[in-house]
Every structure is written in structure tokens, then in C-alpha cells.
Amino acid sequence: GAADRAKFAASWRSVGFVEDGMKVGLGTGSTAAWMVKCLGLRVRREGLKIVGVPTSSRTAALAREVGIEVTSLDQAGWLDLTIDGADEFDPAFRLIKGGGGAHLREKIVAAASDRMVVIADPDKDVATLGAFPLPVEVIPFGMDATRRLVERALADLDVDQRRTVFRPAGEGLFVTDEGNHTLDLHLGRIGDPEALSQALNAIPGVVENGLFMDICDAVVIGREDGHVVTRH
Ligand code: DER
């Protein structure tokens, strides 16, 4: 459909940045899935010599399926480029990620890369972050106490709403690749993303939040008519 055409357009443009010999971080989500397929096409057609470091078990499975050599971040050490989606990006390229539940590994991989490129469609382009619920990865031990500490921290921060929901999955709670749970913060508007990110990560049971500050270097925006714009 139209959304897929936009995601494909951005994905195809982004894999043009990948060169022989690169170690590439592979993102998670529906847009990143298109990117992995496009990258696999280049590997098979051009014999592109790269290794991919996946940010989730499902991206690892897809990468292997399309013929990309997969390795671990520990094996790779450091990466040349990470390509990943985002739930929102603002004019300063600050991101909300984690809609797909993989933001912990995504942030580790993106931070361990010389460059990070986001691929997105126009509706991810926002003036202010926060309409999309902010995911926070939480260790299961004492999680309800952690949630109360998160809510106490939110009371002093510049946001419009303060509803927190543990992300459900099937009969129970969503479980991340690391065996943790995800607390989604419905804030409506985030006035000071840096302050929020630091306050959240200071709370003992919080592992990581979905705000990406000073990580994204460029955004490739695909439109459903196939038009692509790259912002640096
Ligand atoms: O979970 C994630 O971080 C995904 O990359 C998300 O941010 C974007 O997913 P989408 O491409 O399916 O919209």
C-alpha cells in the first residue's frame, strides 16, 4: 500500500549509503524491515561485502533470510553506520523510538556507530516530541515500585499528560529480547526531552528510555509517491 511505498522509497535510498567493507547496524520495525530486504538485494546482486549487526532477534532472522552475513556487536566492536526507523523525529533530529519494543539494543547499536541514519515517512516528522507514547524498558524486579518512581519524576517535568501503561502482549506483559518489560509513557508533549531522558535513566529499575539525543545524523523521508528527501 501507500505506507509501504513510502517506507520502501526511504529504505532503498538509505542502503545507497552502504559501501563495501562496512559494518552496519540493522534497525527494527516495519521500515527497517524494508531496509534489510533492500540491503539483501544489493548483497545478492552486487556481491556487496558487509556484515550486519541486528538490533533484535526478528531483524537477525530477516537479515539471514535475505543473505546478509550477521554478526554480534561484540564481534564487530564498532560500526560504520546504523540505519533504523523512528516513531517520531523533531527538527533537532531528537527521536522517540521503541514502538517495536527494541529500543535498548537499538540505542546501544546506534551509539556504537560512526553514523546513524533514520528512515521514516512524513507522519514521523513532528515539531515537538511526545504525541507517540515514550517507551521505557524496566527490569521485572520491583516493577510496580519503579512505575511509582517514574510517575513521581514526571510530576516535576514539563509534559501535558502523565499516564503510564505496562505494554501488554497476549495474556500477559510484553517481554523484550533482554527479558524486561516496557512501560509506555503517554505524555502528549515533551517540553524538555534531555531533562526527561536523564530523570528516567536515574531511576534504579529503569534500564533505558526511547529518547535518542545526539545520536541521529540524518533522516531519509520517503513519500508514498516515491519522492525521497534526505535531511542532514
Ligand atoms: O521500535 C522501533 O524503534 C522502531 O524502529 C520504530 O521506531 C519505528 O517502527 P516502524 O518503522 O514500524 O514505524
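## Ligand contacts

A polar side-chain atom of Glu-106 sits 2.8 Å from an oxygen atom of the ligand in this predicted model. On its own the ligand has 350 Å² of accessible area, and the protein covers 90% of that.

## Thr-82

Strand β3, which spans residues 79–84, contains Thr-82. Thr-82 counts as buried because its relative accessibility is 0%, and the cut-off for buried is under 20%.

Leaving aside residues up to four places away in sequence, Thr-82 touches Gly-25, Val-109, Ala-110, Ser-113, Arg-115, Met-116 and Val-117.

## The chain as a whole

The protein chain has seven helices and 15 strands. Its radius of gyration is 17 Å, which agrees with the value near 17 Å for a compact globule of 232 residues. Along the principal axes, the C-alpha atoms fill a box of roughly 55 × 35 × 35 Å.

Of the 232 residues, 53% count as buried. The chain exposes about 10400 Å², with carbon and sulfur atoms supplying 51% of that area. Among contacts between residues at least 6 apart in sequence, 74% join residues at least 24 apart.

Note on methods:
Residues are numbered from 1 along each chain as its sequence is written. This is a predicted model: local features need pLDDT of at least 70, side-chain atom pairs count only at pLDDT 80 or more; totals for chains, interfaces and linings use all residues. Side-chain values use heavy atoms; hydrogens and water are left out. A polar contact is a pair of N or O atoms within 3.5 Å; within protein, one must be able to donate a hydrogen and the other to accept it, and residues adjacent in sequence count only if both atoms are side-chain atoms. Accessible areas come from the Shrake-Rupley method with a 1.4 Å probe; for residues, only the protein chains shown count as cover. Helices (H or I, at least four residues) and strands (E, at least two) are DSSP runs, numbered from the N terminus. Buried means under 20% relative accessible area, exposed over 50%, partly exposed in between (1.4 Å probe, protein chains only). Contact means heavy atoms within 4.5 Å. The radius of gyration is taken over C-alpha atoms; the globule rule is 2.2 Å times the number of residues to the power 0.38.
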